[in-house]
Amino acid sequence: MKEEQSRSLFGISLSDRPTWQQFLICTSGFFFGYLVNGVCEEYVYNRLQFSFGWYFTFIQGFVYLFLIYLQGFTTKHIVNPMRTYVKLSAVLMGSHGLTKGSLAYLNYPAQIMFKSTKVLPVMIMGAFIPGLRRKYPVHEYISAFLLVLGLILFTLADAQMSPNFSMIGILMITGALIMDAFLGNLQEAIFTMNPETTQMEMLFCSTVVGLPFLFVPMVLTGEVFRAWTACAQHPYVYGVLVFEAMATFIGQVSVLSLIALFGAATTALITTARKGVTLLLSYLIFTKPLTEQHGSGLLLIAMGIVLKMVPMDSKPPSKIPARQAVRNGGGEGGRDDEEERKSLV
């Protein structure tokens, strides 16, 4: 049996570093990429009023492929069958498109708050994903509940202040939320059951397989034609999109590193913390007023994050990787896990 995959992030070795350094490096890359992404998205969607989520995701995909090529990745480095990524890519592109498109109906802070609630569905869904079957202690569910409650309070306060808040946007972001919950756990399952999978392979295959999924909604909604015309009149938007995609690429690879090293639920918590920082920056940069209800919501969010980080038990969330059962030798458990491997890929 082969050893665990040696992980690195843009040439920085992670596997031979202590856990806290791995966490710091990956988190720094993630925060940088998505803080830039957040500012760019609010500028394009709210300030320029360009609500072309599917088209912008399509452009972003090609920027990703170019950056992956510059990293030296080729198809000969792929270790999983491409069918593994079909389901993953459909969910990924759907999540991106719905998330970006929802900004036409929600203001950016409201969207951020809805997306931040994904830590709870990620934890719940992890119990049903083949290859993971995670079980979390009670205090982690309480932590997730505090996060969700704080986000709801903040969102309600924001809804009272802003007219850009509609049921269509809520439905779109809820769909993206469910897809995100499935996405993180499925990515962790792939890393777990095939440790040789790299972050670049995951991103490359997800993008290549996922790009065709964007054609249908772009054509059916007519967005591709409206977006082409609007961007032709404001060509500098492409510069903003490319810059945003480059920053998001750093964030995406960092997220995949976090999932591979620390798991989907821990990564979801980190993304929640990032959304809180992005939210505050949004209010500071674009000069929006904060109310007491906003403050109460942020306080509950902070309580949830602190509770999640307090070590209540030395044991990590229970998980029996498929490769461990196979390594330990068979029996019914080995055959059952092998079936889970087949059902995933």
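Which helix does F66 lie in? I found F66 in helix α2; helices are DSSP runs of H or I with at least four residues, strands are runs of E with at least two, and both are numbered from the N terminus.

**Ground rules**

I am working on a predicted model, where local features need pLDDT of at least 70 and side-chain atom pairs count only at pLDDT 80 or more, while totals for chains, interfaces and linings use all residues. Residues are numbered from 1 along each chain as its sequence is written, and side-chain values use heavy atoms, with hydrogens and water left out.

**Whole chain**

I noted 15 helices and 2 strands for the protein chain. Of its 345 residues, 53% are buried; my cut-offs are under 20% relative accessible area for buried, over 50% for exposed, and partly exposed in between, with a 1.4 Å probe and protein chains only. The accessible surface comes to about 15,600 Å², and 68% of it belongs to carbon and sulfur atoms. Those areas are from the Shrake-Rupley method with a 1.4 Å probe, and for residues only the protein chains shown count as cover. I also looked at contacts (heavy atoms within 4.5 Å). Among those between residues at least 6 apart in sequence, 86% join residues at least 24 apart.

F66, Y69 and L70 make a nonpolar surface patch of about 390 Å². For a patch I take residues with over 30% relative accessible area and no salt bridge, joining like charges within 9 Å and nonpolar side chains (Val, Leu, Ile, Met, Phe, Trp, Tyr) within 5 Å. A salt bridge here is a side-chain nitrogen of Lys or Arg within 4 Å of a carboxyl oxygen of Asp or Glu. I checked F66 against M246 too: they are 180 residues apart along the chain, with their C-alpha atoms separated by 10.0 Å.

**Cores**

Which residues have the most contacts inside the largest nonpolar core? They are Y55, F56 and F249, in a core of 63 residues. A nonpolar core is a set of buried Ala, Val, Leu, Ile, Met, Phe, Trp, Tyr and Cys residues joined through side-chain atoms within 4.5 Å. The helices that each supply at least two residues of this core include α1 (19–47), α3 (84–101), α4 (108–116) and α10 (223–233). α11 gives the most, with 11 residues. Apart from this core lies another of 12 residues, among them V122, Y136, A144 and L147.

I listed the partners of Y55 beyond four places in sequence: Y55 touches M218, E223, V224, A227, W228, C231 and Y238.

L269 sits in helix α12 (residues 264–285) and is buried, since its relative accessible area is 6%. L269 and A144 are 125 residues apart in sequence and 8.5 Å apart in space, C-alpha to C-alpha.

The C-alpha atoms of L256 and Q187 are separated by 7.9 Å, at 69 residues apart along the chain.

T198 is in the loop between α7 (167–193) and α8 (199–210). Its C-alpha atom is 8.8 Å from that of L256, 58 residues away along the chain. The T198 side chain reaches the backbone nitrogen of E201 at 3.1 Å.

T192 lies in α7 and is buried, since its relative accessible area is 6%. Its side chain reaches the backbone oxygen of E188 at 2.7 Å.

Terms used. Polar contact = N/O pair within 3.5 Å; in protein donor to acceptor, adjacent residues only side chain to side chain.
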